[in-house]
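Here's a quick briefing to read alongside the model. Have the viewer open and follow along topic by topic.

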Amino acid sequence: MSKASQLPLAVDGLTTAFRVEGRWYDAIRDVSFSVARNETLALVGESGCGKSITALSIMGLVPKANGRITAGRVLLDGRDLVPLDETEMETIRGNAISMIFQEPMTSLNPVLSIGFQVAEALRYHTPLTGEAARARALALLEHVKIPSAARRFDDYPHQFSGGMRQRVMIAIALACSPQIILADEPTTALDVTIQAQVLALLAELKSETGMAMIFITHNLGVVASIADRVAVMYAGDLIEIAPVEELFEHPMHPYTEALLSSIPRVDRDAGDLKPIAGQVPPITAMPSGCRYADRCPLRVPRCATMPPLVGLAVDPNHQVRCWVRAADESVGA
Amino acid sequence: MSPLAVAMGRGAWARLGAGIRHHKMAAFGAGIVALMVLSALLAPWLAPHDPLEQDVLLRLAPPSAEFPLGNDSFGRDILARILWGGRVSLYVSTLSVLIAIFVGGALGILAGYIGGLFDRVLMAAMDVLLSFPTLVMGLLVVAMLGPTVGNLILAITLTAVAPFARIARAPTLTVKERDFVEAGRALGFSHLRIMVVHILPNVMDDILVMAALWLATAIRTEASLSFIGLGVRPPTASWGGMIREGFENILDAPWLAIFPSIAILVVMFGLNMLGDGLRDTSDPRLRHE
């Protein structure tokens, strides 16, 4: 644990359950990963695989009415956030950990000026008030490259384009110099050209401040351009985690493999595209073992029990949760 | 700047101003209301005579050059009494509506934001309040607690709290589901801050429209209660009270009742024009341009 405690963020065995018609089901199971300073970890997977639940669990924002963290720890600088109460979490959110949301069009309050919304986070978490907060907010808006920020400081969100609003969201997220930034599909709602600009801005800000970034996306093209490491999720399980090039070149988990061969590429024949047969099981009917087993061509009887996430013998940084592949590699290496 | 000042100060008031400027009916209504409010505020300087000064010789005197609206059964100047009475009417109705906005708005936002059992119990209580007709509620409170200005304000406030709670709750239900509320939580903002700084300004439009319409209702209720003798006590001038006094001489000296009636009519007309105009400008479906 001494290694993990030096990391800005380490998630260890995180399990979050939701109540569906009176029964509790694990939406994410035993999710473990960590992020280093100045590192971008991409969390990828299809819709509903638990990426956003993971983010909300880290933030302590799982809706209490029908969701709860049932096991695991979220270590921020070695301090476990899971047992903290609401008031303590409020001092951490937006301050040590910030989040950028998918929809810049609706994530800003339409009746408050953008300058006020940037300064609000500063006033709330830092001793800055009045003119000092305003000056710092303006500097932040300039930093995220909002053209003529001083003139637009008192404008309202509807006067900004989607890309500009996402820059405002980024300025708000960065306001209190967080150690961790959680970006939940921040470019999904944007045009491709704007997407590239926002990604470049995020990468630049990250290397400037040395913060750690968790980048949630289902777009593997974006992953390739921004991530240092990639964690792949399937149906609530983290099934593979590896440095980005390693993952693209040597995917180990059968799901990752299938996912990569289902990306259309301009330099290949469309006939080579392989869709993944079958569907993700519904949360009420999840197998207790490997959740991919039903669709997996490599299935063996052992898959009925949940495989552990283990490092490969050849490269301990490449971890995979698969009985067949993990065994192959460690024996065959 | 305090969060409340910001919440009230920017968006809603700015839009209110723009709404009044761009909507002829709203501007006309606002003009009438402003004129009536000013004349009431400036009554001590505008009134040509003391509203309580009696003169037996001028008893029921018709309008004249010196007393343009005539004199009442005690020979008091009706113009002075209307100006001074406006102060009472506007004071009572404005204060009760302000309290109702504050209490009702807070309850409505709380109910909408918290939801669940709290919401159901609170709204059921509001429905009980709503089931009393305004005048019956006024009668009940004033008859039980006594006819003082304070009780009059309490009575009108009680009838107005429920509608304001309802009008604040409805938009809160939709606003709380919007992404910026979740984003605010992710920034570490407390629920209270989200309600006051982020939800209230989104609800203010509806509340302000209601406020104009309810001010008219409050003025009418105050006049009604004064008319049946449960409002402001004589000899203090109030519009409802003046109509009642005039009613006794409606055949020989109709100006006693007519002029205060016109005052009530004009204020209510102005407030309704303002309220309807504001509703038009704040409801995009009704916007013509």
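What is the handedness of the crossing of H5(B) and H7(B)? The crossing is left-handed. Keep in mind that this is a predicted model, with an ipTM of 0.82 and a pTM of 0.80 for the complex.

**Confidence**

- Chain B has an average pLDDT of 83, and 91% of its residues score at least 70.
- Within chain B, H5(B) comes out with the highest confidence, at a mean of 92, while helix H1 (residues 3–22) has the lowest, at 59.
- Residues 1–9 of chain B have a pLDDT below 50, and the model gives this stretch 13 contacts beyond near neighbours in sequence.

**H5(B) against H7(B)**

- A pair of packed helices is described by the angle between their axes and the distance between the axes.
- For H5(B) and helix H7 (residues 149–175) of chain B, the axes come within 8 Å and cross at roughly 135°.
- That angle makes H5(B) oblique to H7(B).
- On the H5(B) side, the contact is made by B:Met126, B:Leu129 and B:Leu130.
- H7(B) brings B:Leu158, B:Val161, B:Ala162, B:Ala165 and B:Arg166 to the contact.
- By class, this contact has seven nonpolar residues, no polar ones and one charged.

**H5(B) against H4(B)**

- H5(B) (residues 116–131) also meets helix H4 (residues 78–114) of chain B, with axes that come within 7 Å and cross at roughly 145°.
- H4(B) passes H5(B) in a left-handed crossing.
- From H4(B), the residues making this contact are B:Leu107, B:Ala111, B:Gly112 and B:Ile114.
- From H5(B), they are B:Gly116, B:Phe118, B:Asp119, B:Leu122 and B:Met123.
- The contact of H4(B) with H5(B) divides into six nonpolar, two polar and one charged residue.

**H10(B), tucked away**

- Helix H10 (residues 239–247) of chain B is largely enclosed by the rest of the structure, because eight of its nine residues are buried.
- The buried residues of H10(B) include the charged pair B:Arg244 and B:Glu245, along with B:Trp239, B:Met242 and B:Ile243.
- Its glycines B:Gly240, B:Gly241 and B:Gly246 are buried too.

**Where chain B touches chain A**

- On chain B, 16 residues are in contact with 23 residues of chain A.
- The elements giving two or more residues to this side of chain B are H1, helix H8 (179–186) and helix H9 (191–227).
- H8(B) gives the most, with five residues.

**Positive phi in chain A**

- Most residues other than glycine have a negative phi.
- A:Asp30, which isn't a glycine, has a positive phi near 45°.
- A:Asp30 lies in strand E2 (residues 23–35) of chain A, and it counts as partly exposed because it has 18 C-beta neighbours inside 10 Å.
- A:Asn38 is another non-glycine residue with a positive phi, about 60°.
- You'll find A:Asn38 in the loop between E2 and strand E3 (40–44) of chain A.
- With 15 C-beta neighbours inside 10 Å, A:Asn38 also counts as partly exposed.

Notes: Residues are numbered from 1 along each chain as its sequence is written. Chains are lettered from A and ligands numbered from 1 in the order in which they are written. This is a predicted model: local features need pLDDT of at least 70, side-chain atom pairs count only at pLDDT 80 or more; totals for chains, interfaces and linings use all residues. Axes are lines fitted to C-alpha atoms, for helices over the stretch in contact, and angles run from 0 to 180 degrees between N-to-C directions. Helices (H or I, at least four residues) and strands (E, at least two) are DSSP runs, numbered from the N terminus. A crossing is left-handed if the near helix is turned anticlockwise from the far one by less than a right angle, and right-handed if clockwise. Two residues are in contact if their C-beta atoms, placed from the backbone, lie within 7 Å. pLDDT is the predictor's confidence in each residue, from 0 to 100. A residue is buried if 20 or more other C-beta atoms lie within 10 Å of its own, exposed if 12 or fewer, and partly exposed in between; C-beta atoms are placed from the backbone. Angles under 35 degrees count as roughly parallel, over 145 as roughly antiparallel, 65 to 115 as roughly perpendicular and the rest as oblique.
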